[in-house]
Amino acid sequence: MVSDIAGTKSRASCNEFPILADNSRGIESHMSPLLLTLIFLSLALAGAAGFFYVGQARLRARITELEEEGRKKEASQAQVMHTTKLASLGQMIAGVAHEINTPLGFVKSNAEVIGDLLTEYEQAVAKCMTGVDFLLNADAATFERAKTAVARVRMELANAKGLVEARELLTDSVDGLKQMSALVVNLKGFARVDRDGMDLVDLNDCLQSALTIASHQLRDRVTVTRELGKLPKVRCMPSQINQVFLNLITNAAQAMGEEGRMVVRSRVLTDTVEVSIEDNGAGIPDNVLPKIFDPFFTTKNVGEGTGLGLSIVHKIVQGHGGTIRVKSEVGKGTTFVVELPIQHKDAKK
Amino acid sequence: MEPTAARPLRILCIDDESRILRALKALLREHEVHICSDPRQAPQMAKDFDIDVIVCDQRMPQMQGIDTLREIKNAHPRALRILLTGYADLKAVLGSVNEGEVFRYVNKPWENAEIKALVTEAGRIAREAPLISSEPISEREAEEARGTVGVLVLEEDAVTQNRLREILAPHYQVRFANTIDRALMLLEQHETGVLISETETHKQGDLTQLLKALKLHHPYISTVVITERANAQLAMELINEGQVYRMLLKPVRMGSARLSVDSAITRYWKLKRNPRAVKRFALGNAPSFVEHSVPVSEQLMARIRALPTRIVELMKFNG
């Protein structure tokens with residue numbers, strides 16, 4: 001805007017000069033006060049033009065600077081979002097790796113052992129067959145001996161526990177594979193690799209996914225109670241909302257130290273869905289509480305936290321037209337409450 | 001009664017996940033395998049069945065693996081303890097070495113051949129190598145031990161050196177080395193029962209290979225690692241390939257340092273009386289650790305090998 005005005009002015013001032021020249025030729029000898037005024041005015045205009053020109057250059061430089069700053073800021077914000085996304089991805093991978101480890105452990109072991117058991121059984125069967133062949137080819141002289149031999153190998157085969165054991169291991173393995181595929185389905189649901197963007201979502205599903213992903217941080221020490229109400233579907237970006245829940249759950253887990261209780265609730269209000277995550281951990285001191293959503297604010301040691309988790313949570317919730325509240329008491333615990341609009345209208349599209 | 005070696009090894013597997021237990025039982029079927037899904041019952045079971053080798057999961061809801069192993073160690077010290085873990089958790093690793101005195105760590109998902117070899121090796125050691133007594137030694141003996149058995153500190157950081165000098169010098173024969181060369185010189189000259197060492201220094205670089213090499217040839221020297229860069233993976237490696245006795249985090253605390261050095265010296269003293277027991281603390285022959293160790297230069301290795309063995313019977317036993 002500013003640069004346009006300046007540009008027009010300077011062009012206009014340049015146009016003054018030819019007119020001035022024409023006039024001066026006509027009335028050379030009469031340097032009338034009018035002419036003097038005109039000259040003075042044109043000089044003043046030229047000066048102004050020059051002034052504007054210089055000013056404009058300065059402005060241009062400043063604008064470029066501002067634009068550059070803006071771009072840098074945007075880039076660094078995008079970088080930050082990306083880094084946080086990567087951090088939550090890392091967390092997710094660690095969680096899934098841990099969850100998958102146990103079933104993978106026994107399925108892998110079982111597959112090998114079943115192979116060995118089958119080999120053993122094949123050997124027992126082969127021995128039995130040899131005995132049967134011996135019996136089939138026996139003559140009167142060897143028949144009794146063959147019969148005894150066959151009876152013995154038959155008994156051995158009957159007593160071989162390999163097949164029963166293999167069957168048992170196989171049942172376990174199928175079980176373990178089912179567990180692993182359920183995890184992968186959950187993972188896909190969490191990351192929404194197949195469909196990024198807005199979707200109609202049951203927030204309880206998001207909570208369950210986030211709890212599964214965080215389970216390696218919870219298991220053994222945090223008792224989780226779920227009080228999940230029946231919810232209408234909410235129009236949101238599930239990958240982002242999952243990130244919000246995972247972040248709040250992880251924070252709660254970290255606030256609880258050795259052991260603790262976490263309550264995850266959801267319910268429907270007039271035109272919003274409310275999700276709350278309550279822990280009985282350390283709590284947040286009053287002087288810290290107002291700063292928790294500030295970017296780069298962290299109470300963790302250097303290198304342990306970015307101080308971005310909650311600021312991004314805040315940003316995501318705001319972006320969804322929702323609100324996030326926190327209630328905390330030192331020594332008693334903290335509750336985060338996220339409220340998201342249901343947006344029935346949008347939902348019908 | 002059959003000869004000891006012919007009897008199958010008695011293994012106790014502990015995990016809250018019954019499918020893991022069934023898998024281990026099937027995998028180790030050449031041995032006599034007992035399974036236990038409630039770690040609180042494990043110490044009693046270990047005693048009742050006179051178990052040789054424990055294979056225990058780390059994460060269980062009723063009781064953590066390290067606590068289980070510590071209790072088993074007290075109830076039935078003869079068994080060698082293997083910790084199964086899915087997830088490198090530094091606290092757990094430090095606890096398992098300092099309190100549970102684990103024999104080895106195995107990562108989930110495990111390699112069948114590896115765990116089978118490990119269990120067999122552990123069982124052999126549990127049967128062959130006698131225990132050193134858990135009775136405390138008399139005050140007179142302890143004094144003699146402190147006067148005779150040297151403590152060597154390999155550390156270039158002056159602050160830590162001073163700290164350790166403050167803590168240890170009034171009670172033990174402490175010697176300090178800034179370099180590997182100096183450390184070996186001191187080992188050549190003085191009977192040493194405890195080596196306190198960093199895992200890495202600026203000038204000397206990585207020290208873990210040295211610790212492993214030393215353990216390979218002189219297993220009766222207890223290694224107490226002090227480290228700044230706590231890292232579960234490294235800790236596990238030091239247990240599995242270096243049979244580290246204790247691991248302490250910097251800054252070193254007076255209580256834990258004294259406790260560690262005291263118990264290490266006592267162990268050395270008892271080993272002197274009962275050298276065959278050293279097998280329990282040696283690297284053993286299972287393939288996984290002998291192969292990995294030790295990319296230390298030939299020259300250094302030769303020097304380590306040539307260090308005087310002051311526990312005479314040990315030579316006979318190993319030879």
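1. Start with two strands of chain B. Strand S3 (residues 53-57) and strand S4 (residues 80-85) run parallel and are joined by five bridges. Strands here are DSSP runs (E, at least two residues), numbered from the N terminus. Two strands pair if DSSP finds at least two bridges between them. Within this pair, Ile54(B) stands opposite Arg81(B) in S4(B).

2. A note on the source. This is a predicted model, in which local features need pLDDT of at least 70, side-chain atom pairs count only at pLDDT 80 or more, and totals for chains, interfaces and linings use all residues. Residues are numbered from 1 along each chain as its sequence is written, while chains are lettered from A and ligands numbered from 1 in the order in which they are written.

3. Now the whole sheet. Chain B has an open sheet of five strands with parallel pairing, in the order S2-S1-S3-S4-S5. Strands S2 (32-36) and S5 (104-107) of chain B are at the edges; each has a single partner strand, so one side of each lacks a neighbour in the sheet.

4. Next, a helix. Helix H1 (residues 18-27) of chain B packs on the sheet and touches strands S1 (10-14), S2 and S3 of chain B. Helices are DSSP runs too (H or I, at least four residues). Contact means C-beta atoms, placed from the backbone, within 7 Å.

5. Finally, confidence. pLDDT is the predictor's confidence in each residue, from 0 to 100. Chain B has a mean pLDDT of 86, and 91% of its residues reach 70 or more. Over residues 286-291 of chain B, pLDDT stays under 50. The complex gets an ipTM of 0.78 and a pTM of 0.71 from the predictor.

Methods. Contact = placed C-beta atoms within 7 Å. Axes fitted to C-alpha atoms, helices over the stretch in contact; angles between N-to-C directions.
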